[in-house]
Amino acid sequence: MTREPYESEELVSLIIQGMEDTKAKNIMILDLQDIEHAITNYFVICHGSSKPQLEAIADAVIGKTIKGVKAKPWHKEGFENAEWILLDYVDVVVHIFKEDRRKFYQLEKLWADAVVKHHEYKE
């Protein structure tokens, strides 16, 4: 895995802040570091209720990561339909779903070997 000038955990924290700022629902962190041949270190998953909210979540995440550690996604997709937006930071991959798409794809179950952390909002 290519290392960036920041730690994956620092990037995860900034991503979560962006999600919280835009009222993302059910934020989960999947730690894939101990899974052999995993494609990344972490998945950060959340959902929203509408296309504008999904776009706002993605924009907030990108803004936080640029401001916090000067990191832009290496790849991004899904903005056209905004049912599943993916932001790939190499060591961390962000999945922003519309609620029904999240239930359909069930990434948390697909990566059942991962250490799953439910994120609680900080008030």
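Predicted model: local features only at pLDDT ≥ 70, side-chain atom pairs only at ≥ 80, totals over all residues.

Biologist: Which way does β1 run against β2?

Modeller: Antiparallel, with five bridges joining β1 (residues 25-31) to β2. M28 has I45 in β2 as its bridge partner.

Biologist: And β5, parallel or antiparallel to β2?

Modeller: Parallel, over seven bridges, with β5 covering residues 92-98. V44 has V94 as its bridge partner in β5, and H47 has F97.

Biologist: Is β5 buried or exposed, roughly?

Modeller: Six of the seven residues of β5 are buried, so the strand is largely enclosed by the rest of the structure.

Biologist: What else pairs with β5, on the β4 side?

Modeller: β4 and β5 run antiparallel and are joined by five bridges. L87 stands opposite V94 in β5. The hairpin of β4 and β5 has three residues between the strands, and V90 takes a positive phi near 75° there.

Biologist: Switching to the core. Which residues touch the most other members of the largest nonpolar core?

Modeller: I15, M19, V44, L87, Y89, V92 and I96, out of 26 residues in that core. At least two core residues come from each of α1 (8-21), β1, β2, α2 (51-69), β4 (84-88) and β5.

Biologist: V44 again! What does V44 touch?

Modeller: Leaving out residues up to four places away in sequence, V44 touches V12, I15, I16, M19, I27, M28, V92, V93, V94 and H95. There is also another core lying apart from the largest one, with eleven residues, among them M28, L30, A38 and A114.

Biologist: Now the aromatics. How many aromatic pairs are there in the whole structure?

Modeller: Five. One of them is F43 with W111: the ring centres are 5.6 Å apart and the planes are at 90°, so that pair is edge-to-face.

Biologist: Where do F43 and W111 sit in the chain?

Modeller: F43 is in strand β2 and W111 is in the loop between α4 (107-110) and β6 (115-118), so the pair ties together parts that are 68 residues apart in sequence. F43 is buried too, with a relative accessible area of 3%.

Biologist: What about W84 and F97?

Modeller: That aromatic pair is tilted, at 4.6 Å centre to centre and 35° between the planes. W84 is in strand β4 and F97 in strand β5, 13 residues apart.

Biologist: Is each of those two buried or partly exposed?

Modeller: W84 is partly exposed, with a relative accessible area of 28%, while F97 is buried at 1%. W84 and F97 also form one aromatic cluster with F104 and Y105.

Biologist: What lies over the face of F104?

Modeller: R101, at 5.0 Å from the ring centre. R101 also forms a salt bridge with E83, where the closest N and O atoms are 3.9 Å apart.

Biologist: Where are R101 and E83 in the chain?

Modeller: R101 is in helix α3 (residues 99-105) and E83 is in the loop between β3 (75-77) and β4, 18 residues apart. R101 is partly exposed, with a relative accessible area of 23%, and E83 is partly exposed at 35%.

Biologist: How many salt bridges does the count come to?

Modeller: Four. Another one is D21 with K64, at 3.2 Å from N to O. D21 lies in helix α1 and K64 in helix α2, so the pair ties together parts that are 43 residues apart in sequence.

Biologist: Is D21 buried or exposed?

Modeller: D21 counts as exposed at 52% relative accessibility, whereas K64 is partly exposed, with a relative accessible area of 27%.

Biologist: And R102 with E108, are those buried or exposed?

Modeller: Both R102 and E108 are buried. Their side chains meet in a salt bridge, 2.6 Å from N to O.

Key. Residues numbered from 1 in each chain as written. Heavy atoms only, no water. Pairing = 2+ DSSP bridges. Helix = DSSP H or I, 4+ residues; strand = E, 2+ residues; numbered from the N terminus. Core = buried A, V, L, I, M, F, W, Y, C linked by side-chain atoms within 4.5 Å. Buried < 20%, exposed > 50% of the residue type's maximum accessible area, 1.4 Å probe, protein only. Contact = heavy atoms within 4.5 Å. Phe/Tyr/Trp six-rings, centres within 6.5 Å; stacked < 30°, edge-to-face > 60°. Lys NZ or Arg CZ within 6 Å of the ring centre and 35° of its normal.
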